[in-house]
Amino acid sequence: MDRIVKIASQKAVVIFSKSSCCMCHAIKRLFYEQGVSPAIHELDEDSKGREMEWALMRLGCNPSVPAVFIGGKFVGSANTVMTLHLNGTLKKMLREAGALWL
């Protein structure tokens, strides 16, 4: 869990992902299209990825990926992020975290 917190606080937006996950790809595209350059941490390319995946599930992320952190705080997975995007809250969160300037 400490490793997740450390990684999540290194940049305004951090996405824990798996390279083979289609929803992870869609969420990454969403952020890129918003003009955000998130830090991507691919769990399937990390030697401790399995442990981190379990920790994300304990945080309430089910399925475990994609797991999105904005401003160091856990936001949620794909459903939550898409809901925030559709209701306009995501842009506000990104601005407050310093991930967007406009």
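Reader: At roughly what angle do the axes of α4 and helix α5 cross?
Author: First off, this is a predicted model, where local features need pLDDT of at least 70, side-chain atom pairs count only at pLDDT 80 or more, and totals for chains, interfaces and linings use all residues. Residues are numbered from 1 along each chain as its sequence is written, and side-chain values use heavy atoms, with hydrogens and water left out. Helices (H or I, at least four residues) and strands (E, at least two) are DSSP runs, numbered from the N terminus. The axes of α4 and α5 (residues 89-97) come within 5 Å, and they cross at roughly 95°.

Reader: Is α4 roughly parallel or roughly perpendicular to α5?
Author: Axes are lines fitted to C-alpha atoms, for helices over the stretch in contact, and angles run from 0 to 180 degrees between N-to-C directions. Under 35 degrees counts as roughly parallel, over 145 as roughly antiparallel, 65 to 115 as roughly perpendicular, and the rest as oblique. With the crossing at roughly 95°, α4 and α5 are therefore roughly perpendicular.

Reader: Which residues of α5 meet α4?
Author: Contact here means heavy atoms within 4.5 Å. On the α4 side you'll find V81, L84 and H85. By class, this contact has 4 nonpolar, 2 polar and no charged residues (Ala, Val, Leu, Ile, Met, Phe, Trp, Tyr, Cys and Pro count as nonpolar, Asp, Glu, Lys and Arg as charged, and the others, Gly among them, as polar). From α5 come T89, L90 and M93.

Reader: How far apart are the axes of α2 and α4?
Author: Two packed helices are described by the angle between their axes and the distance between the axes. For α2 (residues 22-33) and α4 (residues 78-86), the angle is about 30°, and α2 and α4 are therefore roughly parallel to each other. As for the distance, the axes of α2 and α4 are 10 Å apart.

Reader: How many nonpolar residues are in the contact of α2 with α4?
Author: Helix α2 brings M23, I27, L30 and F31, and α4 brings A78, V81, M82 and H85. Sort the residues of this contact by class, and you get no charged ones and 1 polar. The nonpolar count is 7.

Reader: Is M82 buried or partly exposed?
Author: M82 sits in helix α4 and, leaving aside its neighbours within four places in sequence, is in contact with I27 and L30. Buried means under 20% relative accessible area, exposed over 50%, and partly exposed in between (1.4 Å probe, protein chains only). The relative accessible area of M82 is 32%, so M82 is partly exposed.

Reader: Where are the buried residues of α3: on the same side or on opposite sides?
Author: In α3 (residues 49-59), the buried ones are G49, M52, E53, A55 and L56. They cover an arc of only 165° around the axis (the arc is that of the directions from the helix axis to the C-beta atoms). An α-helix has 3.6 residues a turn, so residues three or four places apart point the same way.

Reader: What is the relative accessibility of F69?
Author: F69 is found in strand β3. Not counting residues up to four places away in sequence, F69 touches I4, A8, A12, V13, V14, F16, L56, L59, F74 and V75. F69 counts as buried, because its relative accessibility is 4%.

Reader: What is omega for the cis peptide bond that joins V65 and P66?
Author: P66 is in the loop between α3 and β3, and P63 lies in that loop too. The peptide bond from N62 to P63 is cis, with omega near 5°. For the cis bond joining V65 and P66, omega is about -5°.
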